[in-house]
Amino acid sequence: MSAELKAAVRIARTSGASALDEPAGKKLLASYGIRVPASHVAKSAAEIPSALSTLKPPYVLKVVSPEVIHKSDFGAVKVGLKSLAEVERALAEIEATLDAKGIGERSWLIEEMASPGLEVVVGGVVDPEFGPMIMTGLGGVFVEVMKDVSFRICPITRSDAAEMLSELRGAPLLQGARGRAPISTDALIDILVKMGGEKGLLTESADEIVEIDINPIIVTAEGATAVDARFILQHSVEG
Ligand code: ADP
Ligand code: MG
């Protein structure tokens with residue numbers, strides 16, 4: 001298990017959390033060589049100007065709170081923000097929504113917006129019988145409505161990863177069907193192996209992490225960026 005993984009799990013457990021927060025999850029992905037957007041965490045609105053100073057617009061603003069799991073359901077993700085003024089306005093809007101719902105604990109993740117591309121999901125579960133299993137599918141309706149996903153028991157090789165993608169009913173979209181630009185399947189295969197390969201994050205973390213959800217990864221012709229990440233911890237045995 002990597003030092004980054006140990007540290008992230010220890011910090012989350014110390015605070016009594018049952019999951020890593022998004023900034024910690026993304027730091028962990030980056031430590032395994034998976035690209036994530038450049039970002040900063042701000043504790044309050046006052047820290048936004050300095051957080052923005054090293055980032056390139058357009059920006060994405062998200063709330064970080066253990067009480068907010070599906071951020072979009074709370075209106076707590078704002079994309080395509082072009083200036084400090086737009087970020088500040090978005091933050092005020094999210095605060096009003098959270099206040100109305102009685103959600104107190106929060107900080108802010110401000111990050112660069114990934115270039116538009118195909119949204120892909122990579123996930124992992126630890127099966128009591130088979131151990132860590134990796135999953136992938138195309139984002140949105142493909143996964144949620146059509147359940148168009150493929151699974152493998154870890155560890156996987158590059159050719160397993162390529163097979164997982166070609167098994168998807170939506171696979172033609174990876175090749176640029178329906179007027180879309182083809183995307184880098186190599187970048188996606190890299191991520192699958194960095195997660196589910198022999199030294200992969202999912203493979204190595206099965207003692208500590210029960211579930212991983214990277215939803216979505218945005219894939220373009222040039223590469224792949226994980227723009228959301230959720231890691232759920234195993235129940236602590238020592239209580
Ligand atoms: P949720 O908790 O609702 O799943 P996400 O972090 O996945 O929140 O953000 C919701 C959507 O916003 C994503 O599915 C993606 O389409 C878009 N998005 C989020 N972050 C970025 C980013 N950095 N760049 C581009 N699009 C993003
Ligand atoms: Mg998401």
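1. A residue counts as buried under 20% relative accessible area, as exposed over 50%, and as partly exposed in between. In this predicted model, N215 has a relative accessibility of 27%, and therefore N215 counts as partly exposed.

2. Because N215 belongs to strand β9 (residues 209–219) while D228 sits in the loop between β10 (224–226) and β11 (230–233), the pair ties together parts that are 13 residues apart in sequence.

3. D228 turns up again at ligand 1, where a polar side-chain atom of D228 lies 2.9 Å from an oxygen atom of the ligand. Polar side-chain atoms of two further residues lie by oxygen atoms of ligand 1, that of K62 at 2.7 Å and that of E119 at 2.6 Å. On its own ligand 1 has 550 Å² of accessible area, and the protein covers 83% of it.

4. Around ligand 1 there are 19 residues, of which K62, K71, S72, A114 and E119 come nearest. By kind, the residues of this shell divide into ten nonpolar, six charged and three polar.

5. Which strand gives the largest share of the shell around ligand 1? That strand is β9, with three residues. On the scale of domains, ligand 1 lies between domain 1 (38–113) and domain 2 (118–233), because both give residues to its shell.

Notes: Residues numbered from 1 in each chain as written. Chains lettered and ligands numbered in written order. Predicted model: local features only at pLDDT ≥ 70, side-chain atom pairs only at ≥ 80, totals over all residues. Heavy atoms only, no water. Helix = DSSP H or I, 4+ residues; strand = E, 2+ residues; numbered from the N terminus. Buried < 20%, exposed > 50% of the residue type's maximum accessible area, 1.4 Å probe, protein only. Near = heavy atom within 4 Å. Polar contact = N/O pair within 3.5 Å; in protein donor to acceptor, adjacent residues only side chain to side chain. Areas by Shrake-Rupley, 256 points an atom, 1.4 Å probe, with all protein chains shown as cover. Nonpolar A, V, L, I, M, F, W, Y, C, P; charged D, E, K, R; others polar. Domains from an automatic or database assignment.
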